[in-house]
Amino acid sequence: MAYEDKSAMIRILHVHKRYGSKNALRDVTLDIFDKEFLFISGPSGAGKTTLLKLLYLGEKVTGGNIIVDGQNLSRIPRRELPFLRRKFGIIFQDFKLIPGKSVYENIALVAEAVGTRRKLIRKKVGSLLRNVGMEDRADALPRSLSGGEQQRVAVARAIAGNPKIIVADEPTGSLDPESADVIMDLLRQYRNLGATIIIATHDTQRIRSTGGRVIILREGRVESACVIPKME
Ligand SMILES: Nc1ncnc2c1ncn2[C@@H]1O[C@H](COP(=O)(O)OP(=O)(O)OP(=O)(O)O)[C@@H](O)[C@H]1O
Ligand SMILES: [Mg+2]
């Protein structure tokens, strides 16, 4: 199927983002399709992180429009912001787990926040921990885990909210290759359950081994777009 025929989960239309006098994004127009596995790449300072933040209203556009799941972000009343945020699972390069809470609690908090019934939370968190291979570490605090382990927990936490969209900013940037493979596999599996996955990364080697559509940003503009087939 041609990309043009697919339905857009996110439409980015002539978006500008300025920080003071700095143009972080300039006239970016891009459709992100439902159930797509999309990489945003390009050099440092190109605007990758900025673009991701605009999608979940971590920042506001200074021009243009972004439509997420049919909803124009410029017209979302404040009281509806939590509903927008629930569509997203967010994964950061530095994990951002809550330091004083156990692995179990970090994940359970998100499950609770999206209204998972009390009785189901234990079961759900248990099954997420098994999926990411961390069932033995439920009671551990984040600081006692390796980077790869913390990122697995961060993926489980993102998934715990059943988001339609996962946004990951350099999720494998600080990991060894093996841990990075595990993280990418987990994201692929979640995509196969029907989610849209958007990953900002410098790591072109990994894009080649994973496959997917790649958008290259440069100085705040979309420089090119291509589809890399999955290497077997
Ligand atoms: N809060 C901010 N205030 C001022 N300038 C900012 C802010 N955030 C980003 N910028 C600037 O906007 C531009 C794009 O930054 P961004 O973080 O989106 O780049 P990036 O592609 O994610 O880079 P990297 O690969 O290093 O993470 C950069 O020039 C950056 O300095
Ligand atoms: Mg960045």
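Which helices do the buried residues of H3 pack against? They pack against H4 and H5.

First, the conventions. This is a predicted model, in which local features need pLDDT of at least 70 and side-chain atom pairs count only at pLDDT 80 or more, while totals for chains, interfaces and linings use all residues. Residues are numbered from 1 along each chain as its sequence is written, and chains are lettered from A and ligands numbered from 1 in the order in which they are written.

Helices (H or I, at least four residues) and strands (E, at least two) are DSSP runs, numbered from the N terminus. A residue is called buried if 20 or more other C-beta atoms lie within 10 Å of its own, exposed if 12 or fewer, and partly exposed in between, with C-beta atoms placed from the backbone. Contact between two residues means that their C-beta atoms, placed from the backbone, lie within 7 Å.

Back to H3. Its buried residues are Val103, Tyr104, Asn106, Ile107, Ala108, Val110 and Ala111. After H3 comes glycine 115, with a positive phi near 85°.

Next is H4, residues 118-131. Its 14 residues should span 20 Å at 1.5 Å a residue, and the end C-alpha atoms are 21 Å apart, which agrees. The expected span here is 1.5 Å times one less than the number of residues. Which residues of H4 are buried? Val125, Leu128 and Leu129 are. Seen down the axis, the buried residues of H4 fall within an arc of 95°, so they line one face of the helix. That arc is taken from the directions from the helix axis to the C-beta atoms. As background, an α-helix has 3.6 residues a turn, so residues three or four places apart point the same way. The buried residues of H4 pack against helix H3 (103-113) and helix H5 (147-160). On the other side of H4, Lys119, Leu120, Lys123, Ser127 and Arg130 are exposed. Just after H4, glycine 133 has a positive phi of about 70°.

H5 also has a partner in helix H6, residues 177-192. At what angle do H5 and H6 pack? The angle is about 10°, and the axes are 9 Å apart. That makes H5 roughly parallel to H6. Axes are lines fitted to C-alpha atoms, for helices over the stretch in contact, and angles run from 0 to 180 degrees between N-to-C directions. Angles under 35 degrees count as roughly parallel, over 145 as roughly antiparallel, 65 to 115 as roughly perpendicular and the rest as oblique. From H5, the residues in the contact include Gln151, Arg152, Val155 and Ile159; from H6, they include Val182, Ile183, Leu186 and Tyr190. The contact residues divide into seven nonpolar, four polar and one charged. Ala, Val, Leu, Ile, Met, Phe, Trp, Tyr, Cys and Pro count as nonpolar, Asp, Glu, Lys and Arg as charged, and the others, Gly among them, as polar.

Now some single residues. Aspartate 27, in strand E2 (residues 22-33), has a positive phi of about 50° although it is not a glycine. Leucine 57 lies in the loop between helix H1 (48-55) and strand E4 (63-68), and its phi is positive too, near 60°.

Lysine 101 sits in the loop between strand E6 (88-91) and H3. Its C-alpha atom is 8.9 Å from that of aspartate 139, 38 residues away in sequence.
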